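Student: Could we go through this structure together? I would like to start with one residue and then look at the wider arrangement.
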Amino acid sequence: MAAITPKLSDELPSTIVSPTSSVTLRISKFNPKTDSSSSIEEFKVPVQKWTTVLDVILSVKQHLDPSIAVRYSCRQASCGSCGMKINGKPALACYTKISELNSSVITVEPMNNFPILRDLAVDFTQFFSTHKKVRPYIIRDDSEISEETKELLQTPKEVEEYLQFSYCIKCGLCNSACPTMATDSSFIGPQALAQAYRYVADNRDAGKKDRLKIIDDSHGIWRCHFAGSCSQVCPKGVDPAMGIQLLRGYLLGFRK
Amino acid sequence: MERQSNREGIKGWLNPGRYGLERIAYWLMRLTGLGLLLYFIAHVFETSSIVNGKEAWQKMLELTQTTEGHIILTIVIGMCVFHTANGIRVMLGHGGVGVGKPGRPDYPYKPASLNSRHKLCILASIGLAALAMMYGLAVLFGD
């Protein structure tokens, strides 16, 4: 058995190493306490085919400029922390490989339509407040705990009505891509509207009337013009544009 | 703490290609809407000249019979056809018609609302507008 197990020294020469290339990383830097406008700093960074944009940013932060402010956590597109504008389009840095960008110059900027805290970190205060505004939880008079079965049963078809919308990780990419958010600071935004649909479509929920009242506002659902950019950038397949149009169907009487 | 809002503003409507065909349709819809509004204002101004007598009306009409006038009218025809055809698509979409059905999303997560039917309708709207403009050019500049 020992004879067929390769030693580390035997293994090294045959190990396939991906060819290393390099890219220019352009990072937007802005500190509201000291700067009047943002500036771009450039770094030359070695990359391999599996390197993500977040890997490159963290490499620069570790070796070249420790002052870079970037928010991240899970590194696997689950927490929604590392949303930023990559080469002009909102995306998760941990979910975007350098190789798929087909460019040797990578520009990272903070997400649009969010106030900048510093460099790539943006403020989610308004985002979370609009999310809370649509009452993102099951509303009903009774509780499953008081029931004998201790659960509310649903058929697979009933679950499919809202399942994809429950995959939202609140990364904010949809709000950043939305053209209405670009000009209307009071717009509730695609994320909150998609979450309103998620609960309206859930047959366990009894808060449909209240939620429809909240979104039936001049800065609510009527400001969506179905540009579809929110769905285009969503990293989890939530498709907010679909949710918003289906939600509007309730208000227009197309859906019951 | 000081904040920079970082809102894209009107320039967020520019460079629509980065978000695909639907964003281009959104941009064209805005542009044609504004164009038609300008035409409407100009049209009201033009037709109101009749209150100043037959001569003033004839003078105003002559403006539309120039090469520039014909080009503007052709653009108006194109804007009108695109705005109508794409508007019907958007209105149906707003009611939840043709935006797909909710379901379990699977990688690579192609959004069902941005489906080929919508893309086809957008392309058809552009095509119809182009055809109408060509017909308009043939009528206005023919003979």
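Student: Is A:A91 buried or exposed?
Tutor: This is a predicted model, and in it A:A91 counts as buried, because it has 24 C-beta neighbours inside 10 Å. The cut-off for a buried residue is 20 or more.

Student: Where in chain A is A:A91 placed?
Tutor: A:A91 belongs to strand 4 of chain A.

Student: And what does A:A91 touch, leaving out residues up to four places away in sequence?
Tutor: On that basis, A:A91 is in contact with A:I86, A:T96, A:L173 and A:V233.

Student: How far apart are A:A91 and A:I138 in space?
Tutor: Their C-alpha atoms are 30 Å apart, and 47 residues separate A:A91 from A:I138 in sequence.

Student: Let us move to domains. Which domains does chain A have?
Tutor: The domain assignment gives domain 1, covering 20-122, and domain 2, covering 125-252. The C-alpha centres of these two domains of chain A are 29 Å apart.

Student: How many residues are in contact between domain 1 and domain 2 of chain A?
Tutor: The contact involves 14 residues of domain 1 of chain A and 13 residues of domain 2 of chain A. Strand 4 of chain A, residues 89-92, gives the most to the domain 1 side, with 4 residues. By class, that side of domain 1 has 8 nonpolar, 5 polar and 1 charged.

Student: What about the contact between the chains: how many residues come from chain A and from chain B?
Tutor: Chain A contributes 42 residues and chain B contributes 34 residues.

Student: Which helix of chain A gives the largest share of its side?
Tutor: Helix 9 of chain A does, with 7 residues. The chain A side that touches chain B is made up of 19 nonpolar, 14 polar and 9 charged residues.

Student: Now chain B. At what angle do helix 1 and helix 3 of chain B cross?
Tutor: The axes of helix 1 (residues 21-47) and helix 3 (residues 67-94) of chain B cross at roughly 130° and come within 9 Å. Helix 1 of chain B is therefore oblique to helix 3 of chain B. The crossing of helix 1 and helix 3 of chain B is left-handed.

Student: Which residues meet there?
Tutor: Those from helix 1 of chain B include B:L28, B:G33 and B:Y39, while those from helix 3 of chain B include B:V76, B:F82 and B:N86. By class, the contact of helix 1 with helix 3 of chain B has 9 nonpolar, 5 polar and no charged residues.

Conventions:
Residues numbered from 1 in each chain as written. Chains lettered and ligands numbered in written order. Predicted model: local features only at pLDDT ≥ 70, side-chain atom pairs only at ≥ 80, totals over all residues. Domains from an automatic or database assignment. Contact = placed C-beta atoms within 7 Å. Helix = DSSP H or I, 4+ residues; strand = E, 2+ residues; numbered from the N terminus. Nonpolar A, V, L, I, M, F, W, Y, C, P; charged D, E, K, R; others polar. Axes fitted to C-alpha atoms, helices over the stretch in contact; angles between N-to-C directions. Parallel < 35°, antiparallel > 145°, perpendicular 65-115°, else oblique. Left-handed = near helix turned anticlockwise from the far one by under 90°. Buried ≥ 20, exposed ≤ 12 C-beta atoms within 10 Å, placed from the backbone.
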